[in-house]
Amino acid sequence: MFHKKQPGRSFINRKEYRDKVFGCWTGKNIGGTLGAPMEGKRELFDVSFYTQDLHGNPVPNDDLDLQLAWLRAVETHGVYRINEKILGEQWLAHVTGPWNEYGVARFNMANGILPPLSGLCGNDRWKNSNGAWIRSELWACLFPGEPDEAAPLAWYDACVDHAEDGIYAEIFTAALESAAFIENDIRKLIAAALVRIPPECRIARSVKLAIAEFDAGHDWQTARNRVVEDSRDLGWFQAPANVAFTIIGLLYGNGDFGKSVCTAVNCGDDTDCTGATCGAILGILKGRSGIPEKWIQPIGENIRTVALNPLDMFLPDTLGELTDRVIACKMLAESENPTLLRLTDGETVIHPELLERLNDGSENRARVLARSSRRITYDLPFGRFAVEYEKGPTIHPGETQKLKLSFENSPFDCRALFIHWDLPDGWTMFPSPRQTMMIRKSLTISMEVELNPGEFPDIILHPRVELRISDRNYPIWITVPFQLAGTIRSEHSTGTPGNWDAFDRRVARQILARENGSKE
C-alpha cells in the first residue's frame, strides 16, 4: 500500500459526498439510456431527450455492469488488495458479455494468458477501444479528490481487456472524475486528467484537438468532424475519438446537464458510452440534487444489467443502494490510509495544496505509467518474480524475443535465486535455460535472456519455470504463456458467444437483453 505525504488535511461533508456519488450513478444511467438507440451509428444526431418508451426503467448497460462486478471484488478483498489478477478472476466468474475486447479477454484468461497480457494478446483491433474508460466511476467515487489513488485502480481494471490507449483512456476519465469531487472548473479537470497520461498518446491528441476547436470558436459539429477525421486511421468504436466526444459534450454543454449529455450523444459512434460518462461527470459536479427531475423521472431508480451472471453477486437493486455500498467501501479505505481526503459531518474543507496537486502528474508517472502490459508478475512467499516480454506472448516459431526477468520485494538479503526453464522440444534460450540471481533486500534485480521458440504442438503453451532460493529445500513452479501467432483473430464477427472471434457489442447486447426478458 502506498501512502503519499499529505500536505494538509482535507475533508468533504458526508451528505455532499453522498449527493455527488448518487449523482454520478444517476447521470451514468441517464446518459447510457439516452445514447442506447444511436449506439454504433456514425452520423450526427439532433436528440434533445429520450427517444424510447422507458416505462420508468433505464436501458441495461455494460458500462455500469462491470463496475458492479468490481464493487463485489472491493467488498470481498478491500480496495488496497485489488489487482489485475483479482479483477480478471471476477470477470471470469461473473461477466457474460462476449463482444469485442470482452470476448478476447475472456478467451485469453480462460487459457492462462492472465492480466495484463489478456488485454494485449490477440487484441490488436480492440485494445484501444471503449470498454475500459466507460467503467472508471467506481475508482473515482472511492477516491474523491485523489486522482493519483484512482489511477492505479484504473490501470488494473483497463489492462484486463485493453492495452496502450485503451488503458490511458480509463486513467484519463478516472482522474477527471476523481478531481471533479473537489474542483468545478471543466478546463481544470481536463488539465488534471491530461497530465496523468502520456502527452503523445492518441487520447491526449484527440482531447487537445477538441479543446482547440472549442477555443477557436467553432461549433460542436465542426469539432466533432475534425476529431473524426483525425482518428480515421484508427477506425470507429475506438477510445481516442469517443473520449473526445465526451469532452466536446462537457465543453459545449457549458454546465447544462441536458445540453452536455445530448451533445456528447449527438456526436455519434459509441453513444451510450459517451452519454453515460458525460452524465456521470456532470452528476459528480452537480450532485443528484442538481440533475433536473425531467431526466430522472422516466428511468427511475432501478439498476438493470445485461452483461452479468448475478449468481452469488448480491447486486444492488437501486442507485441509492449502490451509492451506500460505495460509501461503505470508501470508509474502509479511509481506515487503511489515513492520508486520504476524509468524510466529515462538518463543512467541506479542501486544502489549497490538494487542489495544486491536481496539476502534478509526477506521482502517476512513477506509479502507473511505468507499468507494462507486457509484464506478467508472480507473487511468491519470498518476493515477486516478473517476466517482461520484448514484444508480447504472441510469437512465431523461430522468432527470437528477449525476456526481461526481475525479482523484487524480498525480505531476505544475500540469497541466490535459481531459475530453471523447462522448455518444449526444439526451443532454446541464450545464454542458458538456467539462470541465477543474487537477491538483495528491498532492491529490484533484473537480467535479460533471449528465447528462440521452436514449433508449437498446440496454439498456446505454458512452459514451466522452477524457482528456488538458496536456503529453501523445495521448488516453486510457475508457468509462462506463449501463443502461436496468427491463430486467434479479434476482427469483427457475427459468430456466437464463446467463439474465438470477437462478437459485435450492440448485437450481442440486444440478444442478451431479449434472453433476460428486457428491451433495449
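Two strands pair if DSSP finds at least two bridges between them, and strands here are DSSP runs (E, at least two residues), numbered from the N terminus. In β12, the bridge partner of H420 is E466.

The model is predicted: local features need pLDDT of at least 70, side-chain atom pairs count only at pLDDT 80 or more, and totals for chains, interfaces and linings use all residues. Residues are numbered from 1 along each chain as its sequence is written, and side-chain values use heavy atoms, with hydrogens and water left out.

The β7 and β12 pair is part of an open sheet of 4 strands, in the order β9-β7-β12-β13, with antiparallel pairing. At the edges stand β9 (434–439) and β13, each with a single partner strand, so one side of each has no neighbour in the sheet.

Leaving aside residues up to four places away in sequence, S470 touches R415, A416 and F418, where contact means heavy atoms within 4.5 Å. C414 is 56 residues from S470 in sequence, yet their C-alpha atoms are 9.4 Å apart.

Strand β6 (residues 401–408) is largely enclosed by the rest of the structure, because 6 of its 8 residues are buried. Strand β4 (residues 383–389) runs antiparallel to β6 and is joined to it by 6 bridges, with E388 opposite K404. Strand β10 (residues 445–452) is also antiparallel to β6, through 7 bridges; one of the bridge pairs is F407 with I445.

Terms used:
Buried means under 20% relative accessible area, exposed over 50%, partly exposed in between (1.4 Å probe, protein chains only).
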